[in-house]
Amino acid sequence: MTGTRTDTWRPADIPDQAGRTVVVTGTTLGGLGHHAALELARRGARVVLAGRNPERLDETGETIRGEVPAADLEHLQVDLADLASVRRAGATATAYGPVDVLVNNAGVMGTSRQVTADGLDVQLATNHFGPFLLTGLLLPQLLASKDARVVTVSSNMHRAARSAPVAEPGSGFYRKWQVYGQSKLANLLFTYELDRRARGKELPLRALAAHPGFAGTHLAANGQYGRSSGGIASILDATVKALSQPAAHGAWPLLMAATADLPGATYVGPGGLGEMGGHPQVVTSTRASRDPEAQRRLWELSEETTGIHYP
């Protein structure tokens, strides 16, 4: 995978993916995961579509095969907000053999206060703790590939986080956007710590992060209203799409992080004004995301919360 251009990267730069297995979470039709999975399947990868709803997985799979009839697709049912579901998915995924790339894309945004069956805030559970557990469960398969990559999707909203999410949100007024920002900061803290640990142990794994900029997905409407259509949800969804870049373009940073010849701990985002859109390039994250102590504390909390301990 050497020699990939990163100045004006585009999907045509994705190397041949034949013989590689890629797991992509959050593959709802029209979203970032769908478009990332489509391009990877187009290049010959076996793509595991991972999501909560079997019918939506079928819908996305059928749509991808409409463009790539020979697409090699698998379906993995998993609800990242439910740690028991993640453990079941991890057990199911052993059948796939070595995994070359895991794209932790699934997430929720700006939801009201909700507590999961595990007693966790739903945004932190879905966006961080679930992916942390899934990555740990798939780690033996990732290492078996001999050149593994974990790509975790963050957001410009990580810049809004005042502190690392090393404690559950308080019982007072729920600041949903602050918690969302913390969950996106957690994605970066996790990425940098995972990469540091892999390098320290000389494991054949790189951890990278990416963000889509402002992309026209259903994430905002789903977060605010629990649906992407109907009444005010349709208005918000249409507004987002009118003001943003297409979701397919929002997937470009994910794809670049997953396939370009980049070192671990790289953060990829759009290169346009304010990183809102444009061709993907290597970008920077906040000083808070680079804090080794915060990385360590969040890692220890995540192992304690999920019950998994990485080697």
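## Sheet and helix packing

In this predicted model, helix 4 lies across strand 1, strand 4 (101–104), strand 5 and strand 6, and runs at about 170° to strand 4.

The sheet itself is open and consists of 8 strands in the order 3-2-1-4-5-6-9-10, with mixed pairing. Its edges are strand 3 (72–77) and strand 10 (280–283), each of which pairs on one side only. Neighbouring strands are turned by 25° against each other on average, direction ignored. Helix 1 (residues 32–42) also packs on the sheet, where it touches strand 1 (21–25), strand 2 (46–51) and strand 3. The direction of helix 1 makes about 165° with that of strand 2.

| Helix | Strand | Angle |
|---|---|---|
| Helix 1 | Strand 2 | about 165° |
| Helix 4 | Strand 4 | about 170° |

Within the sheet, strand 5 (residues 148–153) pairs with strand 6 (residues 205–210) in the parallel sense over 6 bridges. One of the residues involved is V150, whose bridge partner in strand 6 is A207.

Helix 4 (residues 122–144) also packs against helix 5 (residues 176–200), at an angle of about 20° and with the axes 8 Å apart. Helix 4 is therefore roughly parallel to helix 5. The crossing of helix 4 with helix 5 is right-handed. From helix 4, the contact includes L124, H128 and F132; from helix 5, it includes V179, Y180, F190 and L194. By class, this contact has 7 nonpolar, 7 polar and 2 charged residues.

Definitions and conventions. Residues numbered from 1 in each chain as written. Predicted model: local features only at pLDDT ≥ 70, side-chain atom pairs only at ≥ 80, totals over all residues. Heavy atoms only, no water. Axes fitted to C-alpha atoms, helices over the stretch in contact; angles between N-to-C directions. Helix = DSSP H or I, 4+ residues; strand = E, 2+ residues; numbered from the N terminus. Parallel < 35°, antiparallel > 145°, perpendicular 65-115°, else oblique. Left-handed = near helix turned anticlockwise from the far one by under 90°. Contact = heavy atoms within 4.5 Å. Nonpolar A, V, L, I, M, F, W, Y, C, P; charged D, E, K, R; others polar. Pairing = 2+ DSSP bridges.
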